[in-house]
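Here are a few exercises to work through with the model open in your viewer. Try each task before you read its solution.

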Amino acid sequence: MAVLGLRGGSRDGQSPRKRAVLLSLRYYRGELRRQWRMSLPAMTLPALGNICLFYLTPLVVAALVGHLSGGGESDLAALLPYVLGFSGLMLAGEALWRAGLHFLNRTDARGIERLGERPHRLRITQRDLRLLRMAQCQ
């Protein structure tokens with residue numbers, strides 16, 4: 001527990017703003033843990049989408065370039081697997097991102113609702129509310 005000094009700071013060296021931010025982060029972390037069924041896909045689906053979009057599709061292009069530079073055939077039947085792989089990975093990446101954004105929006109909305117409308121359930125004291133307000137004003 002921090003004890004206030006003469007200049008408005010605390011003896012442990014933390015400013016009121018820093019304490020308010022740490023308090024907010026602790027409450028948000030609790031919300032993420034409480035609604036893990038929404039927050040887990042919100043965190044993982046966009047990451048998987050990025051892997052599809054920015055890591056796997058260049059590998060398909062590199063495989064196509066390797067195929068063509070190695071003297072492989074360039075007819076439609078030979079190139080179709082590369083084109084379908086590239087387009088499939090792009091579509092999968094976009095779909096993962098959109099699903100992840102849905103879960104992210106739901107997690108955010110539910111967390112803000114719970115944190116904003118029910119502060120008594122989180123045992124926010126008057127001192128904590130003052131710290132949060134001070135952080136918003138600065």
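Let's start with the count: the protein chain has 4 helices and 0 strands, where helices (H or I, at least four residues) and strands (E, at least two) are DSSP runs, numbered from the N terminus. This is a predicted model, so local features need pLDDT of at least 70 and side-chain atom pairs count only at pLDDT 80 or more, while totals for chains, interfaces and linings use all residues. Residues are numbered from 1 along each chain as its sequence is written, and side-chain values use heavy atoms, with hydrogens and water left out.

**Exercise 1.** Work out how helix H1 packs against helix H2.

Step 1: H1 covers residues 16–34 and H2 covers residues 36–69; their axes sit 5 Å apart at an angle of about 100°. Axes here are lines fitted to C-alpha atoms, for helices over the stretch in contact, and angles run from 0 to 180 degrees between N-to-C directions.

Step 2: That angle makes H1 roughly perpendicular to H2, a label for 65 to 115 degrees (under 35 is roughly parallel, over 145 roughly antiparallel, the rest oblique).

Step 3: Contact (heavy atoms within 4.5 Å) involves Leu32, Arg33 and Arg34 on the H1 side, and Trp36, Ser39 and Met43 on the H2 side.

**Exercise 2.** Compare the span of H2 with the expected one, then find its bend.

Step 1: With 34 residues, H2 reaches 48 Å from first C-alpha to last, close to the 50 Å expected at 1.5 Å a residue. The expected span is 1.5 Å times one less than the number of residues.

Step 2: The bend, of about 35°, is at Leu56, and Pro58 follows within four residues. A bend is the angle between axes fitted to the seven residues ending at a residue and the seven starting there.

Step 3: Past the end of H2 comes Gly71, with a positive phi near 90°.

**Exercise 3.** Is Thr57 buried or exposed? And what about Pro58?

Step 1: Thr57 is in H2, and its relative accessible area is 4%, so Thr57 is buried. The cut-offs are under 20% relative accessible area for buried, over 50% for exposed and in between for partly exposed (1.4 Å probe, protein chains only).

Step 2: Not counting residues up to four places away in sequence, Thr57 touches Cys52, Phe86, Leu89 and Met90.

Step 3: Pro58, also in H2, counts as partly exposed because its relative accessibility is 40%. From Pro58 to Phe86 is 8.3 Å, C-alpha to C-alpha, across 28 residues of sequence.
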